[in-house]
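Morning, everyone. Let me put the model up, and then I'll walk through it.

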Amino acid sequence: MAWGGHEARSTLDLVPTPRPTWPDARLHVVTGKGGTGKTTVAAALALALATGGRRSLLVEVEGRQGIAQLFDTPPLPYEERRIAIAPEGGEVYALAIDPEEALLEYLEMFYNLRRAGSALRRLGAIDFATTIAPGMRDVLLTGKVKEATTRTEDGQRVYDAVVLDGPPTGRITPFLNVTAEVAGLTKVGPIKSQSDKVIALLRSAQTAIHVVTILEEMPVQETIDTAAELRATALPMGAVIVNMTRESLLPAGKIDRDKVAAGLKASRLPDDPTVLDTLLREAADHQERERLQRRERKQLHALGQPLIELPFITHGVDLGTLHELSGALHEQGVMAP
Amino acid sequence: MTTSILDIDALLTDPDTRIIVCCGSGGVGKTTTAAAIALRAAEQGRQTVVLTIDPARRLAQALGLSALDNTPRRVGSLGRKEGGELHAMMLDMKRTFDEVVLTHTTAEKAEQIFANPFYQAMSTSFAGTQEYMAMEKLGQLVATQSWDIIVVDTPPSRSALDFLDAPQRLTRFLDGRMIRILLAPAKASGRAYFKVVGASFAMFSRVVTKVLGTALLHDLSAFVGALDTMFGGFRERAQATYDLLKRPGTAFLVVSAPEPDALREASYFVSRLDSDGMPLAGLVLNRMHSTAAASLTAERSLAAAETLEETGSTLAAGVLRVHAERIQLAGREQRLRARFTSAHPQVAVAEIPAQASDVHDLAGLRRVGNDLAANAAANTAAQV
């Protein structure tokens with residue numbers, strides 16, 4: 001089983017990390033360096049949190065249509081739609097938030113200004129507000145996320161969990177720390193009170209910010225930097241999700257050339273020296289990579305956050321693998337409260 | 001295969017090559033590739049500067065970029081040919097923006113602009129500022145005429161081609177009615193102001209006041225007013241840099257990892273560069289796996305590994321499993337490459353093998369450069 005190596009690895013001279021439990025978390029923000037599989041992990045997390053008759057909402061804010069590509073559906077409109085069924089009768093909804101639409105919705109909701117919206121658009125004001133005006137875009141996006149997280153219907157939460165496929169590590173803290181951004185610009189008014197409410201949610205136990213990484217130097221360094229930034233801004237960090245981990249294929253210790261040669265001979269495989277040399281070189285590379293990965297894993301452990309590991313998928317990600325990853329998350333304690 | 005191979009040395013030794021732009025999605029090794037190419041250019045005798053955006057700490061140290069002072073610094077101890085030098089710099093977005101403001105306005109006005117909260121936010125966190133400033137810095141480096149080759153690493157953007165769009169977005173913004181409305185208070189006053197902008201401003205002002213409060217409108221108006229004198233300059237520079245990228249002396253290299261997402265992005269880049277008429281030199285496929293023992297297939301290796309495990313030869317079994325995994329990975333990567341080249345048969349490709357450990361010294365960068373150059377050599381050898 002692809003998952004089998006996990007326990008053996010975690011006990012490897014490392015102190016166990018806390019179990020990933022966030023009893024009050026409703027909003028799960030997923031960040032990570034580019035190339036770490038952030039969107040895939042966010043989708044798997046949404047599936048895991050919907051497992052067992054729950055309903056989760058997977059949200060993207062970067063206009064990349066990453067969710068649609070992942071689930072192999074047409075581009076998502078600015079509308080919540082069901083995109084997947086989770087095990088045991090759960091449902092995953094998805095939403096791609098478009099800042100322009102969010103602004104128009106906001107104007108309508110708070111000021112009954114929908115009509116003014118189209119005039120503002122002609123004027124270039126919408127474009128201005130969503131692309132140029134500093135912080136506005138992030139206020140709108142996080143505001144919409146907050147609205148979905150706290151929305152109720154007949155006294156019941158509409159979503160048991162909301163998963164935000166957030167901006168990458170380099171931009172996540174300013175993105176979530178909207179109040180500080182906007183504070184210098186608006187000292188009073190509805191935008192200010194709106195962003196205050198957003199930050200109150202983001203800094204509460206209802207939020208968990210997960211950082212996805214792979215066991216390489218730069219992503220791990222960015223994970224550590226992000227953890228420090230989140231701490232400094234009082235934003236609640238959740239788990240470190242180590243993606244694309246591989247099982248160890250070699251027994252510990254030195255690679256004995258004669259033993260390998262004997263093995264090839266016994267299997268009636270070509271034992272010519274160039275093949276043997278190549279195999280030994282590949283094995284040495286493998287050991288070197290494992291050594292580096294152990295070093296990186298140790299650094300992540302030192303953060304003291306729950307560590308969740310997801311296996312490397314050799315054949316590329318599809319809906320089946322999302323379920324596989326979701327299962328792995330579930331096994332490691334990730335579930336809706 | 002009929003695909004053309006990217007010949008990096010031909011590109012670097014061509015005296016007409018003046019700018020190399022490395023673009024690609026985040027996490028594909030763009031910065032390392034840019035640094036390796038720059039080092040190779042320098043060691044082939046060309047006066048080279050590499051503009052990096054956000055290098056890994058140890059790579060930055062290897063390039064001597066511990067001081068972030070926004071000017072190129074010479075990287076010491078290169079080998080080989082005489083005359084070539086490598087300089088490196090890391091982009092300081094805010095400082096570059098400040099410099100632009102200072103060049104275009106009086107010291108007094110610049111102080112006002114620097115103090116404005118809108119400017120502070122725009123110069124540090126406005127989406128697109130980094131892209132625009134990277135292009136601005138490139139323009140400055142070109143203007144000094146001290147470089148044979150400028151290698152540019154592009155910012156890891158939301159949309160990978162934000163740096164191409166930044167000048168136009170700025171232009172669109174500056175030409176918009178919105179700006180004229182915001183400028184009006186600075187140009188006219190009292191009644192005349194309302195005459196200029198009329199009903200649309202009344203409505204705009206009503207909305208903004210309601211949504212943001214009056215203080216904000218005042219700050220914004222002051223900011224735009226203060227920037228007014230610079231608009232012409234901004235627009236010209238943005239356009240000039242964009243045009244610069246289209247010139248024949250520029251070569252775009254799209255960097256990608258052999259992953260579906262990264263290649264999808266690379267594919268989008270290629271189409272976009274093409275439709276903008278930007279000169280594309282080729283695709284660099286980073287972190288590729290291969291094996292020198294392809295004759296021993298994954299299937300045979302795995303079958304043998306299973307038998308060996310039964311007899312307790314775990315080491316030999318493990319070695320065979322490592323080999324099988326590598327072959328499977330290499331096969332997958334080659335399929336992804338083939339898929340890309342069938343969609344873009346005109347694009348030259350070169351591979352860089354996966355390094356066993358991260359690159360953070362000049363020797364490592366040199367190795368990457370050698371590996372990149374080996375593509376063309378291997379191709380020539382194959383044709384002979």
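Ground rules. This is a predicted model: local features need pLDDT of at least 70, side-chain atom pairs count only at pLDDT 80 or more, and totals for chains, interfaces and linings use all residues. Residues are numbered from 1 along each chain as its sequence is written, while chains are lettered from A and ligands numbered from 1 in the order in which they are written.

Chain B, then. It has 16 helices and 8 strands. Those are DSSP runs, numbered from the N terminus: helices are H or I with at least four residues, strands are E with at least two. Of its 384 residues, 48% are buried. Buried means 20 or more other C-beta atoms within 10 Å of a residue's own; exposed means 12 or fewer; partly exposed is in between; C-beta atoms are placed from the backbone.

Domains next. The assignment, automatic or from a database, gives domain 1 of chain B as 8-164 + 245-292 + 334-383, and domain 2 as 298-329. Their centres, over C-alpha atoms, are 40 Å apart.

Now the core. A nonpolar core is a set of buried Ala, Val, Leu, Ile, Met, Phe, Trp, Tyr and Cys residues joined through C-beta atoms within 7 Å. The largest has 91 residues; B:Ile20, B:Ala38, B:Val151, B:Val152 and B:Phe252 touch the most other members. Helix α2 of chain B, residues 30-43, gives the most to this core: 8 residues. Another core, of 80 residues, lies apart from it and includes A:Leu104 and A:Met237.

On to the helix pair. In chain B, the axes of α4 (93-104) and α7 (129-144) come within 9 Å and cross at roughly 60°. Axes here are lines fitted to C-alpha atoms, for helices over the stretch in contact, with angles from 0 to 180 degrees between N-to-C directions. On the α4(B) side, B:Met93, B:Thr96, B:Phe97 and B:Val100 make the contact. Contact means C-beta atoms, placed from the backbone, within 7 Å.

Last stop: A:Leu250. It sits in the loop between β9 (237-245) and α12 (257-266) of chain A. Buried or partly exposed? Partly exposed, because A:Leu250 has 18 C-beta neighbours inside 10 Å. Beyond four places in sequence, A:Leu250 contacts A:Ala283, A:His286 and A:Gln287, plus B:Gly318 and B:Val322. A:His286 is 36 residues away in sequence, yet 8.4 Å away in space, C-alpha to C-alpha.

Note on methods. Contact = placed C-beta atoms within 7 Å.
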